[in-house]
Amino acid sequence: MMSDGIQKSAGKSLHRILGMMTGNRFLAMLTGMFITMIIQSSGATTVMVVSFVNAGLLTLTQSVGIIFGANIGTTITAWIVAFFGFNFKISAVAIPVFGIGYLLSSIKKIRRPAFGEALMGFGLLFLGLDLLSKAIPVLDAGSVGFLSHWTDMGGWSILLGIAAGMIITVLLHSSSASTAIILTMSYNHLLSWEFAAAMVLGSNIGSTIDAVIAAAGTKVNARRAALIHVLFNVTGTVIAAICLHPLLYFVDILVPGPVEENMTFHIAMLHTIFNVLNTAIFLPFTRQIAYLTEIIIKPRQDETPDIYRLDFTETGAKENAAAYIIRAEKEIADMTGVVTRMFDRIEQGFTHRDQSFIDEQMDPLAKDEEYADQMQEQLSNYLIHCSRLPMNEKMHNNVSIMLRIVDDLESMTDDCYSVALLLRRSIEKEMHFAKEDIERLYPYIDLAHRFLSFIKENINKHLTEKELIVARDLEDQIDIFRKNLKKVARKRLENGADVKAELLYIDLVRNIEKIGDRAFSISEALSLTE
C-alpha cells in the first residue's frame, strides 16, 4: 500500500524519467536506484523497465543499468526497518499515522488519496513489524525447531537458506517484505547470521518473478530485459554464496559491535554491500550482457512487424496505472505515424497518377490499413484494462479521451485507404482530369498534410486554447476549400463533363475533408486532457 501510494502521488513525472534515459550506463544505474528508493519497490521498477523496452521507450542496453540500479535502491527498506523498526517504538504511532492517512483519503475537502494511501501503508508496515516481533518469541521450540536444524548443516544450510528466501519472496512478490520478515526473525534470534544472510541472497533471486511475469507474451527485447534481471540476480547470488564467509567478515568489519546485538544492521549492510558489489562487477559489461541475451533469446517465428500485438500483462502485484498509460501513449504515437505514412503515400498518387502508384503503393497501404485495424482493437482493449486499475478521476478522464483518439486515428486510416482506392479506380478506368483541376487539389491536400503534422507533433500533449484556435483555423480552411472544389466540379457536370470522373473527383474531395474532420476531433480531445 505504501509503494502504491507513493507511485500514485508521484504521477507520471517519476515514470517519464525512465523514458528520457540516454546510453550512459552510470546515469541509467542512478536513475534505477533513485526511482526504486522513491517507490520502495524494485519489482515495480523492473516491471516498468520491461514494459518500456517492449514499447520501444528504452533500448535493451539502457535497461541493463536501470535494472542494476533498482537492485541497489531496494535495499533502502532494510535500512528503514533496521533504524526504526526495532530500536525506536515507532509502532506506538503506527495506528495514528494510519488514521491520518485514512482521513486524508476520505475527507472530501482535503482529498489527498495517494498521499493518504502512502501514510496508511507506512503505518501498517511498522504495525506489522511490531506484531511479528511480539508473535515470534512466543512460538514454542516445536514450531520453529526446523530452523535450528537447517542452520547447522554446513554448506547445505546456505543452499536451504537461499531456497527459503527465494520462495518467500516469490510468494510475497516483494524482496522488501521478505527482507523485513528475515530482519524480524533475526532480531528475535531465530536465525543464525549465516542462515539469515543466505535467505537475503535468495530473496534477490525471488524478486525477479515480477519481471518474468511482465515479460510473458511481450516483444523479444522485453523478454531479454527480464532475462537480464534474472541472470544478474542469479549470477550475483551464486558468486556471493561461494564467497559467503569473506563477505560476512567484510560486513562484520563495517558494522561495529557483536553480530548478535546488531543483527538487523548487519543484514541491512549485507543487502546493500551485495547489490553494490554485484553492480560494480557487472556494470562495465552492460553491452556484452545485452548481447548475451540476444544470443539466448531469439525472435519467435511469428514475431513480424506485420502483426500488431499489445497484451495487458498483470503481474498480480505492483500494478501502476501511470506506467501502463505511458505505454499506451507510445502506441498511440506509433498509430499516428501509421496515419501520416499512409497520407504521404496517397500524396504520391496525386503527383504520379499512373500505374506506378498501383504497383508501388497499394499493397503497403492495404497492409498499413489492416495493421491500424489491429492497433485499434488491441489498444482499445488495453485501455479498457487500464481503466480498471486504481487511478484518480483525472487519469480516468485521460484514458477515455485516449480511446476516442484511437477511434479517430483508425477512421483516418480508413479515409486514407478510401482515397487510395479512388485513385486506383481513376487510373484503371483511365479517367481524365484537367490539369488545372488536379492543381487545385494540391493546396487542399497540403492543408490536410499540415493538419496531420500538427496532430503528430502534439499527440499525447494537452492543447492550449491558442493551439486549438490553430487547429480550428486549419479545419475552417479545409472546409472552405472543399466547398469551392465541389462547386467547381458541379459546374463542370452542368457543362457536360464526364459524370463518372466528376463524381469520383467529388468523392476524393469529400474523403480528404473527412481526414481534416478527424484531425480536428483529435485536437478537441487533446484540449480536454489534463
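**View 1. Met-166, Ile-167, Val-170, Leu-171 and Leu-172 make up a nonpolar patch on the surface.** A patch takes residues with over 30% relative accessible area and no salt bridge, joining like charges within 9 Å and nonpolar side chains (Val, Leu, Ile, Met, Phe, Trp, Tyr) within 5 Å. A salt bridge here is a side-chain nitrogen of Lys or Arg within 4 Å of a carboxyl oxygen of Asp or Glu. What you see is a predicted model, where local features need pLDDT of at least 70, side-chain atom pairs count only at pLDDT 80 or more, and totals for chains, interfaces and linings use all residues. Residues are numbered from 1 along each chain as its sequence is written, and side-chain values use heavy atoms, leaving out hydrogens and water.

**View 2. Leu-172 belongs to helix α9, residues 155-172.** Helices (H or I, at least four residues) are DSSP runs, numbered from the N terminus. Leu-172 is partly exposed because its relative accessibility is 39%; buried means under 20% relative accessible area, exposed means over 50%, and partly exposed is in between (1.4 Å probe, protein chains only).

**View 3. Phe-232 meets Phe-282 edge-to-face.** This is a look at aromatic pairs, and the structure holds 6 of them. The two ring centres of Phe-232 and Phe-282 sit 5.9 Å apart, with the planes at 80 degrees. Rings of Phe, Tyr and Trp (its six-membered ring) pair if their centres lie within 6.5 Å; planes under 30 degrees apart are stacked, over 60 edge-to-face, and the rest tilted. Phe-232 is in helix α13 (residues 220-242) and Phe-282 in helix α15 (residues 263-282), so their pairing ties together parts 50 residues apart in sequence. Phe-232 is buried at 3% relative accessible area, and Phe-282 is buried at 15%. Ring pairs also bring Phe-68 into a cluster with Phe-232 and Phe-282.

**View 4. Phe-451 and Phe-454 form a tilted aromatic pair.** Their centres are 6.4 Å apart, with 55 degrees between the planes. Both residues are buried. They sit 3 residues apart in helix α20, so about one helical turn separates them.

**View 5. Arg-440 is in helix α20, residues 435-458.** Its relative accessibility is 34%, so Arg-440 counts as partly exposed. Leaving aside residues up to four places away in sequence, Arg-440 touches Phe-481, Leu-485, Val-488, Arg-492 and Tyr-505, where contact means heavy atoms within 4.5 Å.

Key: Accessible areas come from the Shrake-Rupley method with a 1.4 Å probe; for residues, only the protein chains shown count as cover. Helices (H or I, at least four residues) and strands (E, at least two) are DSSP runs, numbered from the N terminus.
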